[in-house]
Amino acid sequence: MLRAMASIIASSSSAALTFDLVARCSTTRARASILTLPHGQVQLPMFMPVATQASLKGLTPEQLEDTGCRLCLNNTYHLGLKPGQEVLAAIGGAHKLQGWNHNILTDSGGFQMVSLLKLANITEEGVRFLSPHDGTPMLLTPEHSISLQNTIGSDIMMQLDDVLVTTSPDYVRMREAMERSVRWLDRCIAAHQNPTTQNLFCIIQGGLDLDMRRGCCKEMVARDTPGIAIGGLSGGEAKADYCRVVVTCTAMLPELKPRYVMGIGYPEDLVVSVALGADMFDCVWPTRTARFGNAITKYGVLNLRNARYASDFGPIEDGCGCACCREGGMGITRAFVHHNTAKETVAAHLLTMHNVWYQLDLMRGVRDAIIADKFPAFLRKFFADLYPDKEKYPTWAVDALRGVGVDLHTEDI
Ligand SMILES: [Zn+2]
């Protein structure tokens, strides 16, 4: 496939990361760049699939590689429980464990604990919780999270942060969590053993309070980590609030560092967030929804469990380049997926391949459009495909894009 070529217009490097800016959209805040990490280059903007337990459910490393993925996400909490730090150290880290020679990003483990374990309790020391195995009291500190991530050997590690749902009405607690996240970043930086081979990213907190977000951006940027994440979103806040937080943060972040918005994966959210100046995203949704028989397509999500697909002999999506759909590929039909969705894991496996491809290819299209300086037209076509009726365009997306100079309602594609 021909991809747009672009030359580097500005660069910055730290010990284990190089960020090369290759294009700025002349209308929105979108940018295209190349991120060079210890296990090779990745093209931004990009979507990172989530391989929870060092495997993307249903995909082999070769199949994941075939989607074009060069950076996937592992969960520290799951790897720390099983196989555990000793086994990870013995095998030489998560790349070796899963036979994946490309890049890995790990979360801190904190969010998983708070969301999965009802009895997690946060103090200045760290996150206290009861072991899901035998109920013994345990403590995840910033130092322990970094030690685990150092053993995992991820190319990008995330700081332990004190994360609250954005919709929390408790201002005092929100401020405490934001300020504690800054203190915990300092402890993470001090504990980090491999700064020349692994990158530690900070996470901006502060809920939906824009002043708090600005204060946090200032503190975090001053710590000069190689990359910066915007955290605590996708927790049920209104999309308009989400966009306000992203656009407020990206305005304050250094241009020559990657910007990662955590937990975002719906196609509309991705393209709008890129327009607001973000580069990297992750979400379990594309792989999780595959297990419910859902195929993501440019015309929306199709549930292939629906009886009308029983005799539909077309590919999952016409024109898709994934291993299931492409010409000369596996020749998978909607009817075949439908036939297997209720009872066989093969359907989930095939839809996972398709959905991950869709997400990565969407971002490749976004990137090409930014480089060609046609991103506003790309956005208009994207929404026109997804919503045949313009009146149904989501108001939050129309408003957020208008805020960065794109009118979705003009006819001009
Ligand atoms: Zn496909």
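**A walk through the helices and a few backbone details**

The buried residues of helix H8 pack against strand E12, helix H7, strand E13 (227-230), strand E14 (259-261), helix H9 (267-275) and helix H14 (395-403). This is a predicted model, so local features need pLDDT of at least 70 and side-chain atom pairs count only at pLDDT 80 or more, while totals for chains, interfaces and linings use all residues. Residues are numbered from 1 along each chain as its sequence is written. Helices (H or I, at least four residues) and strands (E, at least two) are DSSP runs, numbered from the N terminus.

Let us stay with H8 for a moment. Its buried residues are Tyr 242, Cys 243, Arg 244, Val 245, Val 246, Val 247, Cys 249 and Thr 250. Here a residue is buried if 20 or more other C-beta atoms lie within 10 Å of its own, exposed if 12 or fewer, and partly exposed in between, with C-beta atoms placed from the backbone. The 14 residues of H8 (residues 239-252) should span 20 Å at 1.5 Å a residue, and the end C-alpha atoms agree, being 20 Å apart. The expected span is 1.5 Å times one less than the number of residues.

Two of the neighbours of H8, namely H9 and H14, also meet each other. Their axes come within 9 Å and cross at roughly 15 degrees; axes are lines fitted to C-alpha atoms, for helices over the stretch in contact, and angles run from 0 to 180 degrees between N-to-C directions. H9 and H14 are therefore roughly parallel to each other (angles under 35 degrees count as such). Glu 268, Val 272 and Ala 275 of H9 make the contact with Ala 397, Ala 400 and Leu 401 of H14, where contact means C-beta atoms, placed from the backbone, within 7 Å. These residues divide into five nonpolar, no polar and one charged. In this scheme Ala, Val, Leu, Ile, Met, Phe, Trp, Tyr, Cys and Pro are nonpolar, Asp, Glu, Lys and Arg are charged, and the others, Gly among them, are polar.

Next comes H6. Its 21 residues (171-191) should span 30 Å at 1.5 Å a residue, in agreement with end C-alpha atoms 30 Å apart. Among its buried residues are Met 174, Met 178, Val 182 and Leu 185. An α-helix has 3.6 residues a turn, so residues three or four places apart point the same way. H6 packs with H7 at an angle of about 10 degrees, the axes being 10 Å apart, which makes the two helices roughly parallel. On the H6 side, the contact is made by Met 174, Arg 175, Met 178, Val 182 and Leu 185; on the H7 side, by Met 212, Cys 216, Glu 219 and Met 220.

Phe 201 counts as buried because 26 other C-beta atoms lie within 10 Å. Beyond four places in sequence, its contacts include Ile 156, Met 158, Ile 228 and Tyr 260.

Finally, some backbone details. A cis peptide bond with omega about 5 degrees joins Leu 44 and Pro 45, and Pro 45 is in the loop between strands E4 (40-44) and E5. Another cis bond, with omega near 10 degrees, runs from Lys 82 to Pro 83; Pro 83 lies in helix H2 (residues 76-91). Asp 224, though not a glycine, has a positive phi of about 55 degrees. Asp 224 sits in the loop between H7 and E13 and is exposed, with 12 other C-beta atoms within 10 Å.

Definitions and conventions. Parallel < 35°, antiparallel > 145°, perpendicular 65-115°, else oblique.
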